[in-house]
Amino acid sequence: MKLLFPNGEHAPVELAAGKTIVGSTAAAKIVLLAPGIAPQHCEFDFNGHTAQVRILHPDNIVSINGIRIKDKAELKPGDLIVFSEVRARAVAVEKAAPAPVRAKEAPVDDDGRTKVRMALPKYVLRGVSGPTFGKVFPVHGTVTIGRQNDCEIPIPSEEVSRRHAELRLTPDGVMVEDLGSSNGTYVNDKRITRQVLKPGDELRLDTIRFLLLAPGQEAPAARADAAPAAPARPVTPVAATGGGSKAGLMWGLVAVALVAVAAVATKVLGLW
């Protein structure tokens, strides 16, 4: 609860829990220097919601909403209290609501893979060899790749320089720049100093390889320039009548010859 003095006899006062003395003496908590105010005029006893006002001497004049207090009375927010000729209005003090308690988040299992940020990046690097195999690195703004731990993409490999290469988003793709590395930076197996990466391009730092992908794009299963496999030639089955027909013809001729020989033999025997 707070007391407001509309005529400026005192600055606004917020009542503290417990007892508060009003009077003209310097020892009072609320000092009012006005005619009719006794050194110890009255006392507030505040419990956090309402206040009891108690007169400290029968001659001291205090009224609440126009009714003079004889001994003590309750003061509520909105009441008008008058100390002799000094007016004050009691108002409620709005307390700030406590911040909501956030539910404790369940622990997340860390399987060692780099997690993609919730804000979907325009491009990601997917590791396809070495210690980065299977890991996905989002590309935001400017990203440094190197062996140092303070790089955005740290690679714990002696093949990679401390600060090997820098990636920077551009309207055309991702600009990759070699930072003077010992083993070089390659795009699609071509050593470069600066070059724009497009989705599907391969970035290689010595033997550590990445693919640049747009979210949702799958890594190619095979190289685009690989020659398509030749279709299998159908096998034509051998006709059932092929070789068999020749054998049948031969045996037919043999049978005819045998019949002819038998006929001749019979005729000869008949003559004998």
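First, the conventions. This is a predicted model, in which local features need pLDDT of at least 70 and side-chain atom pairs count only at pLDDT 80 or more, whereas totals for chains, interfaces and linings use all residues. Residues are numbered from 1 along each chain as its sequence is written, and side-chain values use heavy atoms, with hydrogens and water left out.

Let me begin with the cores. By a nonpolar core I mean a set of buried Ala, Val, Leu, Ile, Met, Phe, Trp, Tyr and Cys residues joined through side-chain atoms within 4.5 Å. Buried stands for under 20% relative accessible area, exposed for over 50%, and partly exposed for values in between, with a 1.4 Å probe and protein chains only. The largest such core has 24 residues, and those with the most contacts inside it include Phe-5, Ile-30, Phe-44 and Phe-83. Among the elements giving two or more residues to this core are β5 (42–46), β6 (51–55) and β11 (86–91). Strands here are DSSP runs of E with at least two residues, numbered from the N terminus. A second, separate core of 21 residues includes Leu-125, Leu-167, Val-187 and Phe-210.

What does Ile-30 touch? Taking contact as heavy atoms within 4.5 Å, and leaving aside residues up to four places away in sequence, its partners include Leu-3, Phe-5, His-10, Val-22 and Phe-44.

Next, two residues in turn. Pro-35 is found in the loop between β4 (30–31) and β5. Is Pro-35 buried or exposed? It counts as exposed because its relative accessibility is 61%. Pro-35 and Phe-83 are 48 residues apart in sequence, and their C-alpha atoms are 9.9 Å apart in space.

Ile-145, in strand β14 (residues 142–146), counts as buried because its relative accessibility is 0%. Not counting residues up to four places away in sequence, Ile-145 touches Leu-125, Cys-151, Ile-155 and Leu-167, among others. Between Ile-145 and Ile-155, 10 residues apart along the chain, the C-alpha separation is 7.3 Å.

Finally, the sheet. An open sheet of 6 strands runs in the order β13-β12-β22-β21-β18-β19, with antiparallel pairing; two strands pair if DSSP finds at least two bridges between them. Its edge strands, β13 (136–139) and β19 (190–192), each pair on one side only. Strand β12 (residues 123–127) pairs with β13 over 4 bridges in the antiparallel sense. Within β13, Val-136 is the bridge partner of Arg-126.
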